[in-house]
Amino acid sequence: MSINKEDYKVSLEGDFIPFALPDIAEAEIEAVVEALRSGWLSSGPAVKNFELAFGQGLGADVEAVSLNSATAGLHLSLEALGVGPGDEVLVPTWTFTATAEVVTYLGAVPVLVDVDPRTLNIDFEDARVRMTDKTRAIMPVHFAGLPIDRLQLREFARSHDLLVVEDAAHAFPAKSRGELVGAGQSEATVFSFYATKTMTTGEGGMVATRDSALADRIRTMRLHGINRDAFDRYRAKGPAWRYEVVAPGYKYNLTDPAAAMGTVQLARAQSMRDRRSNIASVYRDAFMGTDLVLPAESVVQGDMHSWHLYVVKLPDAGRRDSFISEMSARGIGTSVHFIPLHLQPYWRDLCALRPDDLPVASAAFERVVSLPIYSSMSDEQVTRVVDAVKAIS
Ligand SMILES: *Cc1c(COP(=O)(O)O)cnc(C)c1O
């Protein structure tokens with residue numbers, strides 16, 4: 001028995017424009033082949049190399065720790081910060097379920113927060129209202145790649161004595177007030193290299209931090225709680241087989257073939273972002289006079305949007321599903337980001353929330369559609385999306 005590969009084939013030919021596609025060039029393919037030939041299939045020199053390049057790209061004293069997903073990075077960041085039972089963590093409802101689920105891994109409770117109607121990023125005023133004396137941390141999401149104002153975030157965290165783990169799954173590369181997301185003062189910032197994200201290793205993630213004790217704890221916990229320092233210590237004066245388990249850790253390490261691909265994607269990340277930005281300006285110019293509500297492009301001076309997603313709001317609720325079917329009938333894939341967490345059965349019941357409790361997100365959900373925006377789209381494909389949207393909306 002075997003599967004029929006044709007059933008799974010990603011359509012790169014014909015007329016269909018998929019919602020998302022990774023941008024893989026010959027250089028990524030060669031890097032993976034080289035890694036395969038090297039004999040290192042688990043975490044080896046390519047992982048070290050990728051981490052060094054990623055950290056250096058963010059800043060001289062930023063440490064980058066790779067993992068096999070952003071979810072793992074969010075989990076281990078909270079773990080390293082000591083978040084645990086009895087703690088509450090502020091999470092925007094406008095996110096993927098991973099942001100909230102990692103809080104529950106640790107026995108803590110996510111507190112869902114409404115979003116700003118213009119940016120769809122966390123609403124700090126609503127966050128303030130939902131705080132209790134158990135609130136330990138906040139996990140802001142740079143939705144679609146639009147950076148949260150880093151000064152506003154810092155001031156909020158400082159004044160309420162909160163730990164900050166930024167979910168930057170959409171935000172590489174992005175800048176707030178001229179500073180790259182991940183280069184700032186938050187305890188940790190977590191990027192995703194999932195197949196649909198702005199750069200990819202297939203599956204993968206990275207934690208960026210300026211706290212080397214935090215980075216050490218994550219490095220220990222991503223590989224079974226094996227303390228590398230102790231390992232190196234023994235190795236220097238003893239046999240290579242000896243190691244020390246200091247905690248019940250996890251199996252969250254990135255592989256060398258994935259990291260080799262990541263290093264090439266990293267070098268191309270800015271040019272891929274510039275192409276997406278170019279597509280975003282074509283969409284903006286084309287849709288300006290229509291009754292679509294266009295996404296915010298920046299919050300303050302000096303921002304750089306990563307343009308991971310291009311999310312428009314339809315003029316009225318109730319049209320979204322037919323809009324998506326009509327786009328699909330024209331051979332164009334679209335998506336919805338996000339179904340707010342408080343509308344998902346598990347989080348709705350856990351947090352005992354009704355749609356009206358987070359009114360901005362509930363209303364926005366009825367109107368949002370994500371259009372294709374990826375660096376391998378041709379000008380002709382962008383034009384087809386524009387024409388279809390104008391014909392339908
Ligand atoms: C994709 C995504 C994640 C999870 O990333 P993985 O690398 O797949 O674990 C987390 N948060 C947000 C907002 C995402 O979009």
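**Close-up 1. Strands β1 and β9 pair in the antiparallel sense over five bridges.** The model shown here and in the other views is predicted. Strand β1 covers residues 63-67, and strand β9 covers residues 205-209. Within this pairing, E63 has T209 of β9 as its bridge partner. Strand β1 is mostly covered, with four of its five residues buried.

**Close-up 2. Five phenylalanines form one aromatic cluster.** The members of the cluster are F50, F54, F172, F191 and F193. Across the structure there are 14 aromatic pairs.

**Close-up 3. The charged residue R320 lies over the face of an aromatic ring, that of F365.** The distance from R320 to the ring centre is 4.7 Å.

**Close-up 4. Helix α14 spans residues 379-392.** From its first C-alpha to its last, this helix of 14 residues reaches 20 Å, close to the 20 Å expected at 1.5 Å a residue.

**Close-up 5. Helix α14 has a buried face.** Which residues of α14 are buried? They are Q381, V382, V385, V386, A388, V389 and I392. Seen down the helix axis, these buried residues fall within an arc of 165°, so they line one face of α14. An α-helix has 3.6 residues a turn, so residues three or four places apart point the same way. On the other side of α14, the exposed residues are D379, E380 and A391.

Technical notes. Residues are numbered from 1 along each chain as its sequence is written. This is a predicted model: local features need pLDDT of at least 70, side-chain atom pairs count only at pLDDT 80 or more; totals for chains, interfaces and linings use all residues. Side-chain values use heavy atoms; hydrogens and water are left out. Buried means under 20% relative accessible area, exposed over 50%, partly exposed in between (1.4 Å probe, protein chains only). Helices (H or I, at least four residues) and strands (E, at least two) are DSSP runs, numbered from the N terminus. Two strands pair if DSSP finds at least two bridges between them. Rings of Phe, Tyr and Trp (its six-membered ring) pair if their centres lie within 6.5 Å; planes under 30 degrees apart count as stacked, over 60 as edge-to-face and the rest as tilted. A charge sits over a ring if NZ of Lys or CZ of Arg is within 6 Å of the ring centre and within 35 degrees of the ring normal. The expected span of a helix is 1.5 Å times one less than its number of residues. The arc is that of the directions from the helix axis to the C-beta atoms.
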